[in-house]
Amino acid sequence: MDLHGFLKALARRWPTVVVCLVLATGAALAATSLSTPVYEARTQLFVATRTGDDTAQMNQGQSFSQARVQSYAAIVTTRQVTRPVVKELRLRTTPEELASRITAVAPLNTVLIDITVRDTEPKRAARIANAVAQRFSAVVERLEAPKRPPGSERSGKSLRTADGTSPVSLGVTQEAVAPIGPVSPRPLLNLAAGVLGGLLLGAGLVALRETLDTTLKTSEALGEFTALPGLGTIPYDRNVPRQPLVSADGHCHRAEAFRKLRTNLQFSQVDEPPRIIAVTSSVPGEGKTNTAVNLALSLAEAGLSTCLVDGDLRRPCVASTFGLVQDAGLTTVLIGQARIEDVMQQAGGRLSVLASGAVPPNPTELLASARMEEVLRELADTYEVVIVDTAPLLPVADTLGLASFAQGALLVVRAAKTSREQVRTAAESLDRVSVRVLGTVFNMAPVPRGNRYGTYGSYGELPAPRVSDPRKEASAATRLAGEK
Ligand SMILES: Nc1ncnc2c1ncn2[C@@H]1O[C@H](COP(=O)(O)OP(=O)(O)OP(=O)(O)O)[C@@H](O)[C@H]1O
Ligand SMILES: [Mg+2]
């Protein structure tokens, strides 16, 4: 995924980013308000060396202090210091826990030691820091006042004092005072971390979902993936469930899309125009019925005598879409209870509809029967085009038998919903039974932004060519009869 693709994915999946942002910011604010404030009190000690008055001894003393000050800093958190402090201040804690709240640092090339103590009460933090400093000074001075090793008096370079007391003394340069504000939590820092974390999490999730998402988002991607002609792109329109039919004369995007589909279909097979076309798809709900119905309407409005057959015997919807009777139709003819002309219904103009009839218990066998083939052939003899709405290919085997009697199939693919694997499996199953896939119809495609308002209507569109002349029709019928 390149940067452009990622930005487009971000724009499309912005709700994910917003949800992550809100959750992370909320978590940061909750953590800030729930956490106990921690205060930090700081004191500073100066390590002095008791030496003689001459410069050499002073320099020696200075180096001595600098060399030792790091070791002194390590003593601050020992039990020797913390235990008496806990006792003295009657703290409800252990020396080890107190040690974990103390930090001692000796800045390089100085004889200073900074001691900081953290506590949930500002005054107590200062009291502890001062007590630690006092106790620590006493411990160091006691440690630095050992017994004299034998003969050390003769060593001119000794720093030990003549009276055997400690050569170092620690003085407080800065006493700890109760801090005004807490060091944690830091609301602004937490908020910034929450916002940044939320954005990063959102962007990461978008990238992950995009990588795992194998659906087809554009008609170009569909064309590249299937290598089939893209005969139409039908835009998503939320009014479709209420208003499934479009008028070919309409000026909405869907009307224009179905006109284009009709034109592309007619131009794509000029030499051998298919007369029986099955409209199918991989999985349920991709828009087969809607495409079949509107394509049939569009062909009829272009002057072609068209028959629409409801070949979906699992979820028949064609009759209800036109407000026609469903109970008498294809299955009635297949079981020999009626002739085609007895159950054929008119949907206005040149469009006739053969509804599904009663739903049978064995749709797969009925649709693959020799009688079904005969019915389709009879219809193709009577009408210029026969459009057959079908059941989806992957969940049931009904359509494979039926499609093998058609002269071509249209594969409907729902934008951003049908996976590549589903499209591939559907196309392969049609190929296995030697059904010619005329092309794809990319349904429920997002409407391009610039195209949302206004349309040029049928500007520049050529009049729809008729399928064939009567002589050609007759020869096509003969050819069909010969093929079957
Ligand atoms: N271009 C579109 N824009 C918006 N909604 C659509 C579009 N095409 C179809 N729909 C809606 O999608 C749903 C499924 O459509 P349709 O019944 O045509 O699919 P189907 O493939 O025939 O489903 P099934 O497999 O159940 O027969 C319906 O509610 C329909 O109104
Ligand atoms: Mg359907």
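R90 sits in the loop that links helix 4 (79-89) to helix 5 (95-100). In this predicted model, R90 has a positive phi of about 50°, even though R90 isn't a glycine.

Next comes the ligand. Ligand 1 has 18 residues around it, and the ones that come nearest are G287, K288, T289, N290 and R315. Sorted by class, the shell around ligand 1 holds eight nonpolar residues, along with five polar and five charged ones. Several polar pairs can be picked out at this site. G285 places a backbone N or O atom 3.1 Å from an oxygen atom of ligand 1. E286 also has a backbone N or O atom that lies 3.1 Å from an oxygen atom of ligand 1. With N443 it is the side chain that takes part: one of its polar atoms lies 3.1 Å from a nitrogen atom of ligand 1. As for cover, ligand 1 on its own has 620 Å² of accessible area, and the protein covers 82% of that.

Which elements give two or more residues to the shell around ligand 1? They are strand 5 (230-235), helix 10 (288-301) and strand 12 (437-445). Helix 10 provides the largest share of this shell, with three residues.

The space that ligand 1 takes up is the second largest pocket. The volume of this second largest pocket comes to about 650 Å³. Its lining is made up of 31 residues, and G285, G287, K288, T289 and N290 are the closest to the pocket centre. Strand 5, helix 10, helix 11 (318-322) and strand 12 each give two or more residues to the lining of the second largest pocket. As to the make-up of the lining of the second largest pocket, 14 residues are nonpolar, nine are polar and eight are charged.

Conventions. Residues numbered from 1 in each chain as written. Chains lettered and ligands numbered in written order. Predicted model: local features only at pLDDT ≥ 70, side-chain atom pairs only at ≥ 80, totals over all residues. Heavy atoms only, no water. Near = heavy atom within 4 Å. Polar contact = N/O pair within 3.5 Å; in protein donor to acceptor, adjacent residues only side chain to side chain. Areas by Shrake-Rupley, 256 points an atom, 1.4 Å probe, with all protein chains shown as cover. 1 Å grid on protein atoms, 1.4 Å probe; cavity = no way out; pocket = protein on both sides within 12 Å on 5 of 7 lines; lining within 4 Å. Sits in = over half its atoms within 2 Å of the grid points. Helix = DSSP H or I, 4+ residues; strand = E, 2+ residues; numbered from the N terminus. Nonpolar A, V, L, I, M, F, W, Y, C, P; charged D, E, K, R; others polar. Points joined across faces, edges and corners; volume = space filled by probe spheres on them.
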